[in-house]
Amino acid sequence: MLQVEAVDKSFGDFMAVCQANLSVGKGELAAVIGPNGAGKTTLFNLITGQLWPDRGKIIFRGEEITGLPAYEICKKGIARSFQIVNIFPRLTVFGNVQVAVLSQQRRSNNIFSPAQSLAIEETKSILESVGLSDKATSVAGSLSHGDQKILEMAIALGNEPELLILDEPTAGMSPEETAAALELIKRLASGRGLTILFCEHDMDVVFSIARSIMVMHQGRTLIQGKPEEVRENREVQEAYLGGE
Amino acid sequence: MFKGIINLKSVWPIWAILIVLLVLPPILPRFYTYILAVIFVTSLLAMSLNLVLGHGMIFQFHHGVFYGVGAYTTALMLSKTSLPMWIGFVAGPVVAALVGLLIGWFCIRLTRLYFGMLQISLGSLIWAIAFRWYAFTGGDDGIHGIPLPSLISSLNSAYYFILIILVICLVALYLILKSPFGTTLEAIRDNPQRCEAVGVNVRRHQLMAIVIATFFAGVAGVLFVVLEGSVFPDLLFWVLSLEVFIMCLLGGWFTFSGPILGAAIMVSFRTFVGIYTEYWTLILGIILILLIFFLPEGVMGYLLEKFKPQAKEVGERRSE
Amino acid sequence: MELGQGLDLVSLGSQLLVGLSRAMILFVVCAGLSFVLGVLRVPNVAHGSLYMIGAFAAYSIFRFFGSSTGGFWLALILAPFVVALVSLIAERALFCHLYQREHLMLLLFTFALMLILGDLVKLTWGPEYCSVVPPKVLRGSISVFGSSLPRYNFFLLIVGPLVAVALWFFTNRTKIGKISRAAAVDREMVGIIGINVSWVFAAAFVIGCYLAGLGGALVVPTVSVCLGMDHDIIIEAFLIVTIGGLGNIWGALVGSLIFGVTHSLGVLLWPQFAIVFPYVAVVIVLLLRPRGLLKSVW
């Protein structure tokens, strides 16, 4: 479904991503791991168009999307959440998700009907599925960090993506919140049939839910494969797992 | 369709104000009627700016240009062509919006202060041309004695005409803000990057907001012509733009109706303090500084914070 | 000025020299604006008012000494200090309490300052037009490459580069200059290394305003000093600073030269629309390079 082929990106002299390869099949729950500064977030930014790659190709459903602006890539069916909470702090929780749903329904430019009466059902059902219904009228900026991370995901779901990219969805969460968030991710993958690509710090998390794991180190792809394969790969153990 | 959004019961104070404004002209001295009309025109201008400034965080530094363009277009059409007058009235806002589209198209690549600076430059070019092109725009003399339809040529009828148009425009602006377009615009204000990531073409959306705002500024320009029967290059000068900018900040730029209050304060201040002293700008400056220090949310923002229950009726999520 | 004589080389030359000398005054004013913009990140709308105060102060000092040559030099030295003092008071009493606030509030403050200073000038000097002739040494014309140039303009052509060199020396060779340059690029960093950022800002603001005052003092013999000159200069200064690159002092120099030269060309080619020429130049520059010609510090 998603193919990343030999993508490079440098900031000045620093090669943030170098010869990265990644492939995600339909319906897969795939993960990218790697130490801090390995280029995971940069890679995601390249896929979703926040950044443009210097070289290489990104193909989504057989169509090249390299260098398209972020909003076009979103319209092709890739939605994402951000590592650092990135929401609309002054809008309500409901409004946050509604903006995404309206955009998905191509209604953002509608100036002739009240927003109050549009996209209500869709927004409600998303909030319900992530468990934020009871906070729908709160101002997003006032939520707890854990809830804001969940809201991140809910906004991404508003775009009815085929591929959902989650950048460290559990970063900064308490253990309980992390467990709940993982449940949610699993449920989304199985229940909605979503393809999910995420990156994560916590090894236990990754190996417990991912079907396919790509390991990045200093901007490079070391390997991509099933969790067992990755665990047994010597290069990975040396570079990253420290010979676990 | 709109019934849900404008709740008739909750807006009774607005009805009351409207009725008062409707019955005032015959009782009021001419001078006060005139001042009220000036406030209306200025309010519309400030409201149109706030669509992009307060709700879109677009630093439209030279909004007055579009007001001037609207006024000049109508003035030129009325005084130099023999086309039916209504065409002149429609042409004002339309040309203002077209100029808004053109200038906005160039500026929208930039953000914040750079956007504002580039806009001042492009706007000043228009001012410089109008200021010098005696044959066409009358240069620094402007155009006077513009023929107006007899229906609106007296002060009282002009007053009613302006009031009606103002109300229509305010309702339109309110509906636009409450539409998906307005919601998305506010979302862009809060977080443009995220908006892009949910599939919103941020620049195109902002450009559309600029076109709408400049259209309404053009309407305000036409109303100015109706009221004054003349135009002059000061309408295009940056000082006016800055004043309108200040009105939004003064009234409360995160609120819907704040700019009206800001405009009313500025206009009445200039008029009434101006009667007593020629140094009214000195006093205005001091008041502004006091406001910056003590009421940074603007007057309306302050009132909304203070009377929270009413805040919901005015419909600002900020004060919830 | 002789208008619309067509394009003979002599009038082109003298017109260009006049344009260049006018550019020098613009440069002095814009360098100050750009300096404040770079360090404080605030477009100081009151900059034009400070320029006007500089002009009026220079006028008064010059007249006080009976329009003597010495009085002129004294005016040139003292008037900018008067302006610097005014700005220091405004900064320490009011402005410095606002640095943590929303950016637009700072803009609003400078606007309020402009209103107040404008009226204070009216109170002090009245609404009359004031004009002076340059002191004896700077009166008359000299001949440069066959075209005649008023001596005073020649003097400006010397002063401009001097100010530029002084500014360069200041920002590159003195401690306070280096700190303020660093503050322009990365204000957190300056705070971290233990420098009182507030005083850096104050110094930058006062220096910027001093330059406004100097520009005002320099312009006195070439124009009639009057209310409203603040409005005219500030818009030009904004445009120049924008095309030069916000906060870049050399950009202010380049921008001023473009502005001055295109204006003088306009006078030569199409006098009626002379003031339109620099605006067109500005628009062309900005369409090609929206962030200005030189690198902005932002």
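**Close-ups of a three-chain predicted model**

**View 1. Chain A on its own.** Of the 244 residues in chain A, 45% are buried. Now take the contacts in chain A between residues at least 6 apart in sequence: 65% of these join residues at least 24 apart.

**View 2. Who touches whom.** Two pairs of chains touch, and the pair with the most contacts is chains A and B. Chains A and C, on the other hand, do not touch, and their nearest C-alpha atoms are 16 Å apart.

**View 3. Where chain B meets chain A.** Here 29 residues of chain B are in contact with 36 residues of chain A. On the chain B side, the elements giving two or more residues are α7 (155–178), α8 (180–190), α9 (192–197) and α10 (202–228). The largest share, eight residues, comes from α8(B). Sort the side of chain B that touches chain A by class and you get eleven nonpolar, ten polar and eight charged residues.

**View 4. Where chain C meets chain B.** Move over to the other touching pair, and 35 residues of chain C are in contact with 30 residues of chain B. Three helices of chain C, namely α4, α9 (229–244) and α11 (276–288), each supply at least two residues of the side that touches chain B. Which helix gives the largest share of that side? The helix is α4(C), with 14 residues. By class, the side of chain C that touches chain B has 27 nonpolar, four polar and four charged residues.

**View 5. A helix pair across the B–C contact.** Zoom in on helix α11 (residues 238–251) of chain B and helix α4 (residues 103–125) of chain C, which pack at an angle of about 125 degrees with their axes 11 Å apart. α11(B) and α4(C) are therefore oblique to each other. Their crossing is left-handed. From α11(B), the residues making the contact are L242(B), I246(B) and L249(B), and they meet L104(C), L108(C) and F111(C) of α4(C). The residues of this contact are six nonpolar, with no polar and no charged ones.

**View 6. A helix pair inside chain C.** Our last stop is helix α10 (residues 249–269) of chain C with α11(C): the two axes come within 7 Å and cross at roughly 135 degrees. That angle makes α10(C) oblique to α11(C). This crossing is right-handed. α10(C) brings I258(C), F259(C), T262(C), H263(C), L265(C) and G266(C) to the contact, while α11(C) brings V276(C), F277(C), P278(C), A281(C) and V285(C). What classes do these residues fall into? The contact of α10(C) with α11(C) has eight nonpolar residues and three polar ones, but no charged residues.

Note on methods:
Residues numbered from 1 in each chain as written. Chains lettered and ligands numbered in written order. Predicted model: local features only at pLDDT ≥ 70, side-chain atom pairs only at ≥ 80, totals over all residues. Axes fitted to C-alpha atoms, helices over the stretch in contact; angles between N-to-C directions. Helix = DSSP H or I, 4+ residues; strand = E, 2+ residues; numbered from the N terminus. Parallel < 35°, antiparallel > 145°, perpendicular 65-115°, else oblique. Left-handed = near helix turned anticlockwise from the far one by under 90°. Contact = placed C-beta atoms within 7 Å. Nonpolar A, V, L, I, M, F, W, Y, C, P; charged D, E, K, R; others polar. Buried ≥ 20, exposed ≤ 12 C-beta atoms within 10 Å, placed from the backbone.
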